[in-house]
Amino acid sequence: MAASPPIARPTVQPRSTAPEPSRPIKIATVGLSLFYGGKQALHDVSIQIAANEVTALIGPSGCGKSTFLRTLNRMNDIIPKVRITGTVTLDGDDIYAPGVDVVAIRRRVGMVFQRSNPFPKSIFDNVAYGIRVNRMAASRGDVKHRVEESLRRAALWEEVKERLHDSALALSGGQQQRLCIARALAVQPEVLLMDEPASALDPIATQRIEELIYELKRDYTIVIVTHNMQQAARVSDVTAFFWLGRLVEVGRTDSIFTNPREKLTDDYVTGRFG
Amino acid sequence: MTLDAVTRTSARRRTINVLMLGLTAVCALVAVGALMFILGYLVYQGGSSLSVSFFTNLPTPVGETGGGMANALVGSAKLLVLAASIGIPIGFMAGLYISEFASPTSAFALRYATDLVNGVPSIVIGLFAYTLVVLPMGHFSTLSGGVALAIMMMPVTVRGAEEFLRAVPSSLREASLALGAAKWMTIVRVVVPAASRGILTAIMLGLARVAGETAPLLFTALNNRFWSRGWTEPTASLPVMIFTYAIAPYEDWHRQAWAAALVLLGLVLAANIGARLLVRRGIAAAS
């Protein structure tokens with residue numbers, strides 16, 4: 001990228017990245033860069049993401065936050081001409097090491113997309129999909145049990161229990177997104193990546209998703225990309241600010257929003273640009 | 001410019017507008033009218049010659065009335081079954097390869113080549129099937145006719161399958177991959193089911209198209225006045241019967257040809273309309 005930011009390359013300070021001491025590191029990237037053909041989209045990103053915390057990725061459009069998110073479960077693999085340098089570790093293991101089973105990685109690191117994307121199948125079959133393709137259930141009854149469990153966790157069960165075999169496409173936008181969360185939870189991932197999960201939803205549906213995120217962090221490590229800074233402030237423990245493909249600053253959410261170290265971060269969170 | 005000049009200009013414009021609008025509407029009518037005319041004329045000419053015996057009896061010798069084309073109906077059905085069982089699997093798998101696995105360059109080349117095959121005159125495809133099947137076997141056969149029709153319907157099936165598969169949104173593929181499904185499983189369980197109605201439609205349109213082909217059958221399936229047993233004897237088919245009967249000098253045969261043409265067109269139209277309904281319902285239910 002020709003225009004390099006008018007700031008010194010931010011160095012990652014232990015003070016700002018260190019999570020609460022009690023929480024182990026779930027995901028860590030070291031010197032992660034990503035290229036689309038000749039164009040560099042991520043520059044030397046190093047971050048540590050703690051288990052059972054919500055980490056929000058913020059920054060203006062095109063800053064690389066979604067691209068970064070997709071490196072964490074290797075979704076960028078399916079895009080042609082993508083090249084990655086640096087490392088991404090999950091529980092200390094490099095997920096880009098040769099011989100790593102990408103399918104197994106994606107089972108451990110689930111993903112919810114910006115636009116809800118239920119399969120054109122029934123509500124039940126949507127949730128059962130991951131259980132079936134991963135052969136997780138011992139019996140038909142077990143599938144049913146796991147589907148119910150996942151729908152309950154996504155706070156959708158009460159709304160759909162009477163019509164599990166209706167098409168998922170008949171649900172409202174907010175319900176579809178919670179269905180996608182239930183579908184991701186059904187394969188029992190350890191990490192949940194969410195790419196602007198509420199950006200297409202109305203305020204009430206958004207609030208339900210946010211409450212859900214708060215509930216889910218007890219059991220999952222959550223990384224969420226959001227355009228909405230109030231949302232980042234509401235749901236996250238740690239906030240990382242991306243700008244032009246670089247990680248500018250990462251720290252506890254309250255300190256990022258009230259007392260950031262970088263002027264750029266301050267300008268962004270106070271709405272002076274972006 | 002005076003006010004008068006302005007009004008005159010707009011009057012001229014209005015006239016041209018009306019004229020051109022009329023002209024395009026008439027052209028649209030002519031285009032659709034061809035179908036209406038063909039259908040109407042076929043019903044008028046062929047309707048009176050249609051009878052139960054047309055569907056149940058064999059052709060009779062010249063001069064004897066009351067024959068039918070049962071053998072041609074069965075022959076056409078057998079040819080289509082052959083064409084479908086050869087053309088659909090190959091066409092579908094080829095479309096799957098182009099859409100899901102080929103590199104952009106080879107996908108382009110394959111697509112282009114398929115379109116070229118689609119443009120090959122049907123008589124040439126008949127010649128190809130003749131060299132491929134008839135010459136080695138030493139005689140005309142249902143089999144060779146089926147092969148010729150299969151080659152004819154393959155490009156339509158390939159392109160139909162490929163286009164409908166490619167139209168499946170990438171968000172669905174990503175959703176499946178993100179759940180830990182392998183690529184082949186994503187294709188089998190998400191992509192193909194989502195595209196199935198469209199693919200089915202393409203297949204039906206392909207079959208409807210070859211059902212009326214005459215040229216590829218002339219020196220492959222040939223013709224037959226009697227029942228054709230098995231797959232290795234020459235067989236009658238509706239299009240070839242129409243051709244043979246229409247150029248014959250007998251009034252009675254002409255009437256039979258009209259009836260056969262009506263039946264053939266009716267079947268092809270039914271298949272077409274069925275396919276369109278299927279795809280429309282598919283869009284409504286989005287599955």
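What pLDDT does chain B average, and what share of its residues score at least 70? The average for chain B is 90, and 95% of the residues score at least 70; pLDDT is the predictor's confidence in each residue, from 0 to 100. Over residues 283-287 of chain B the pLDDT is below 50, and this stretch has four contacts in the model beyond near neighbours in sequence. Two residues are in contact if their C-beta atoms, placed from the backbone, lie within 7 Å. The model scores ipTM 0.86 and pTM 0.82.

This is a predicted model, in which local features need pLDDT of at least 70, side-chain atom pairs count only at pLDDT 80 or more, and totals for chains, interfaces and linings use all residues. Residues are numbered from 1 along each chain as its sequence is written, while chains are lettered from A and ligands numbered from 1 in the order in which they are written.

Between the chains, the contact takes 22 residues from chain A and 16 residues from chain B. On the side of chain A that touches chain B, at least two residues each come from α3 (102-108), β6 (109-112), α4 (123-133) and α7 (173-186) of chain A. Helices (H or I, at least four residues) and strands (E, at least two) are DSSP runs, numbered from the N terminus.

Two of these helices also meet each other. The axes of α4(A) and α7(A) come within 7 Å and cross at roughly 30° (lines fitted to C-alpha atoms over the stretch in contact, with angles from 0 to 180 degrees between N-to-C directions). The two helices α4(A) and α7(A) are therefore roughly parallel to each other (angles under 35 degrees). From α4(A), Ile123(A), Asn126(A), Val127(A), Tyr129(A), Gly130(A) and Ile131(A) meet Leu179(A), Ala182(A), Arg183(A) and Ala186(A) in α7(A).

Key. Angles under 35 degrees count as roughly parallel, over 145 as roughly antiparallel, 65 to 115 as roughly perpendicular and the rest as oblique.
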